[in-house]
Amino acid sequence: MLVAGGCARTSPEPSGSAAGSSDLAPAPVAVSGSAGCSSLPSRNPAGRDGRDANGEGGGVRVLPDLSLRCLTSQEEVRLRDLGGRAMVVNLWATWCGPCRAEMPMLQAAHDDLGGQVAFLGVGTKDPSTVAGPFLEEVGVRYPQVVDPAAELLRATQVPGLPVTLFLAPDGEIVDQHIGRLDRDTLDELVAKILEDAASRH
């Protein structure tokens with residue numbers, strides 16, 4: 001696990017709202033050129049039920065059994081079903097400076113590596129009406145879900161953002177990076193999950 005500086009878990013609250021309130025409930029927004037969540041790879045989750053993000057009950061660390069709303073549609077994405085390909089899952093927020101700084105790099109990495117690795121963004125403690133315009137501004141087009149109550153962040157037991165998880169095709173979390181990612185580190189960790197995936201065949 002690699003660690004760098006990041007943002008504290010606590011975010012500024014929107015005026016008149018509390019985190020997790022109905023004001024932060026996901027509402028679909030348009031993002032130009034977004035791939036949408038229907039492009040996310042999925043796998044048969046059989047045999048994974050009962051294993052949480054910390055591997056309790058199964059000895060393997062996997063994503064928790066959460067369903068999060070796609071940013072650009074009404075589609076629900078069940079995190080436990082993701083897989084079939086290696087994947088990079090980035091937890092971010094507009095109020096997190098390091099998150100904002102790494103987003104263009106993540107999109108460039110997706111453009112370069114998307115044929116080998118799937119990318120998913122998880123907008124954390126942000127209303128869709130804030131997350132959508134930010135993604136539009138920075139040109140991020142890979143699939144995004146919204147997590148207004150920061151459920152996935154709590155499951156990772158990491159104190160702040162950004163957090164990037166690196167998943168093998170079978171859904172196992174092979175590594176994670178806490179804090180702002182640079183391209184060299186991302187490429188190194190992607191190579192690790194691809195090598196791990198190849199060794200399982």
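Where is the place of Val140? The legends below begin with the whole chain and reach this residue in the last view.

The model is predicted, and residues are numbered from 1 along each chain as its sequence is written. Local features need pLDDT of at least 70, side-chain atom pairs count only at pLDDT 80 or more, totals for chains, interfaces and linings use all residues, and side-chain values use heavy atoms, with hydrogens and water left out.

**View 1. Elements of the protein chain.** The chain has four helices and 10 strands, where helices (H or I, at least four residues) and strands (E, at least two) are DSSP runs, numbered from the N terminus. Their order from the N terminus is β-β-β-β-β-α-β-α-β-α-β-β-β-α. Of its 201 residues, 51% count as buried; buried denotes under 20% relative accessible area, exposed over 50%, and partly exposed in between (1.4 Å probe, protein chains only). Among contacts (heavy atoms within 4.5 Å) between residues at least 6 apart in sequence, 74% join residues at least 24 apart.

**View 2. Leu91 in the largest nonpolar core.** This core has 56 residues, and those with the most contacts inside it are Leu91, Leu161 and Leu186. A nonpolar core is a set of buried Ala, Val, Leu, Ile, Met, Phe, Trp, Tyr and Cys residues joined through side-chain atoms within 4.5 Å. With neighbours within four places in sequence left aside, Leu91 is in contact with Cys99, Val122, Thr124, Leu152, Leu153, Leu161, Pro162, Val163 and Leu165.

View 3. Within α2 (residues 128-138), the buried residues are Ser128, Ala131, Gly132, Phe134 and Leu135. They lie on the same side of α2 because they cover an arc of only 165° around the axis, the arc being that of the directions from the helix axis to the C-beta atoms. An α-helix has 3.6 residues a turn, so residues three or four places apart point the same way. Thr129 and Glu137, on the other side of α2, are exposed. The buried residues of α2 pack against β5 (86-92), α1 (97-113) and β7 (144-147).

View 4. Val140 is placed in the loop between α2 and β7. Val140 counts as buried because its relative accessibility is 2%. Not counting residues up to four places away in sequence, Val140 touches Val31, Met103, Gln107 and Leu135. The C-alpha atoms of Val140 and Pro104 are separated by 6.8 Å, although these residues are 36 residues apart along the chain.
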